[in-house]
Amino acid sequence: MEKNLTKIIDKLKSKIYFNYNIGKLTWFRTGGNARVYAIIENIHELEIILNEINSVKYCVLGSGSNLLVRDNGYDGLIIKLGKGFNKINIFEKKLEVGASILDINLSNFALRNQIQGFEFFSGIPGSIGGAVKMNAGCYGSETKDLLSHIEIYSKNFGIKKIFKNDIDLKYRLSNIKSDEIIYKVCFNINFGDKNLIKEKMEIIKNKRIASQPIKNKTSGSTFKNPKNLYAAKLIEEAGCKGLFYGDASVSNHHSNFLINNGNAKSSDLENLGKLVIDKVYKKFGIKLDWEIKIIGD
Ligand SMILES: Cc1cc2nc3c(=O)[nH]c(=O)nc-3n(C[C@H](O)[C@H](O)[C@H](O)COP(=O)(O)OP(=O)(O)OC[C@H]3O[C@@H](n4cnc5c(N)ncnc54)[C@H](O)[C@@H]3O)c2cc1C
């Protein structure tokens with residue numbers, strides 16, 4: 001793969017890096033190197049690059065806010081969508097959004113254009129591609145509520161347009177596979193009162209500041225809420241608040257957040273998560289399910 005990519009590197013607008021520290025691009029700031037890291041600028045070049053990697057595995061990185069990369073890194077290609085996927089258009093009563101747009105930027109765009117329903121995105125620190133994959137949501141709204149369709153690219157099938165009902169969006173879950181790259185997302189839109197939209201965004205911001213350790217190195221909620229229950233409550237009642245493993249700890253602020261206190265390794269965070277799963281299971285007989293995606297070797 002490296003030989004093939006080296007031959008084409010100078011002919012592309014996209015950037016390709018070998019043995020690149022990918023962990024530093026995640027919110028946890030832990031983890032090892034990707035064998036290859038590519039910042040892609042258009043679909044044509046994505047196709048060219050994927051044609052040169054033979055059978056080496058690949059996956060896509062959004063803004064790394066829900067991702068733990070293991071310490072030994074990722075023995076494959078990690079793709080990031082670059083500025084070429086960073087546009088928003090209002091088109092025939094739809095919002096066409098490049099998948100690398102940050103959720104907060106989409107929320108602000110909606111505010112400027114008096115489009116309602118996108119307020120909750122102001123509280124989620126990811127990209128729109130990651131929001132669809134994870135069906136991200138908060139305070140009673142989720143990505144699914146607004147979605148019309150997406151466009152994806154995969155090495156095996158090329159470009160595909162998929163409508164919402166075929167993505168099977170559930171609580172923090174979709175059927176998008178790890179080799180499918182969402183590059184465009186289309187939302188339905190409704191216009192509303194600018195002041196009300198602004199007020200809602202303000203409420204979300206204040207709730208966040210009050211309830212989450214947003215200044216820490218964290219990936220947000222570590223585990224999904226079991227049906228009709230709160231993972232944070234179970235974790236707290238199982239005695240895990242403040243629990244440590246190496247330099248990783250369970251947040252004192254929000255029990256479902258794991259924190260890298262500065263020098264944690266990914267293995268510390270993963271082992272701490274396993275310890276929490278164990279303790280909650282022993283106390284309640286409920287097995288917590290990771291919300292965070294873990295990749296690497
Ligand atoms: C402080 C904090 C608060 C958070 N609060 C919330 C919350 O309230 N609600 C919530 O739902 N989440 C929350 N999260 C988690 C996270 O922000 C969301 O899951 C977000 O949608 C992840 O997007 P991302 O771009 O960072 O994806 P990444 O973390 O980079 O990746 C997550 C997964 O999505 C895949 N992916 C990313 N981009 C694409 C793409 N273009 N095509 C295909 N797959 C892709 C990756 O391969 C990976 O499997 C929080 C995180 C933090 C750090």
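Select Tyr74 to begin: leaving aside its neighbours within four places in sequence, Tyr74 is in contact (C-beta atoms, placed from the backbone, within 7 Å) with Ile22, Ala34, Arg35, Val69, Ile295, Gly296 and Asp297. What you are viewing is a predicted model, in which local features need pLDDT of at least 70 and side-chain atom pairs count only at pLDDT 80 or more, while totals for chains, interfaces and linings use all residues. Residues are numbered from 1 along each chain as its sequence is written.

Tyr74 counts as buried because it has 25 C-beta neighbours inside 10 Å; the term applies when 20 or more other C-beta atoms lie within 10 Å of a residue's own, with 12 or fewer for exposed and partly exposed in between.

Next, select strand S5 (residues 74–81), where Tyr74 is found; strands here are DSSP runs of E with at least two residues, and helices are runs of H or I with at least four, numbered from the N terminus. S5 belongs to an open sheet of 4 strands, in the order S1-S2-S5-S3 and with mixed pairing, where pairing requires that DSSP finds at least two bridges between two strands. Strand S1 (15–21) and S3 are the edge strands, each pairing on one side only. S3 and S5 run parallel and are joined by 4 bridges, and if you pick Cys59, its bridge partner in S5 is Ile78.

From S3, move to the ligand. Strand S3 (58–61), H4, strand S9 (137–138), strand S13 (181–188) and strand S15 (217–221) each supply at least two residues of the shell around the ligand, and H4 gives the largest share, 5 residues. Of the 34 residues around the ligand, Gly62, Gly126, Gly129, Gly130 and Gly220 come nearest, a residue being near when its C-beta atom, placed from the backbone, lies within 6 Å.

Finally, select helix H3 (residues 103–112), whose buried residues are Asp103, Leu106, Ser107 and Ala110. They lie on the same side of H3, because they cover an arc of only 100° around the axis, the arc being that of the directions from the helix axis to the C-beta atoms. What covers these buried residues includes strand S6 (88–91), strand S7 (94–98), strand S8 (115–116), helix H4 (128–134) and helix H5 (194–211). H3 is followed by Gln114, whose phi is positive, near 55°.

Definitions and conventions:
Contact = placed C-beta atoms within 7 Å.
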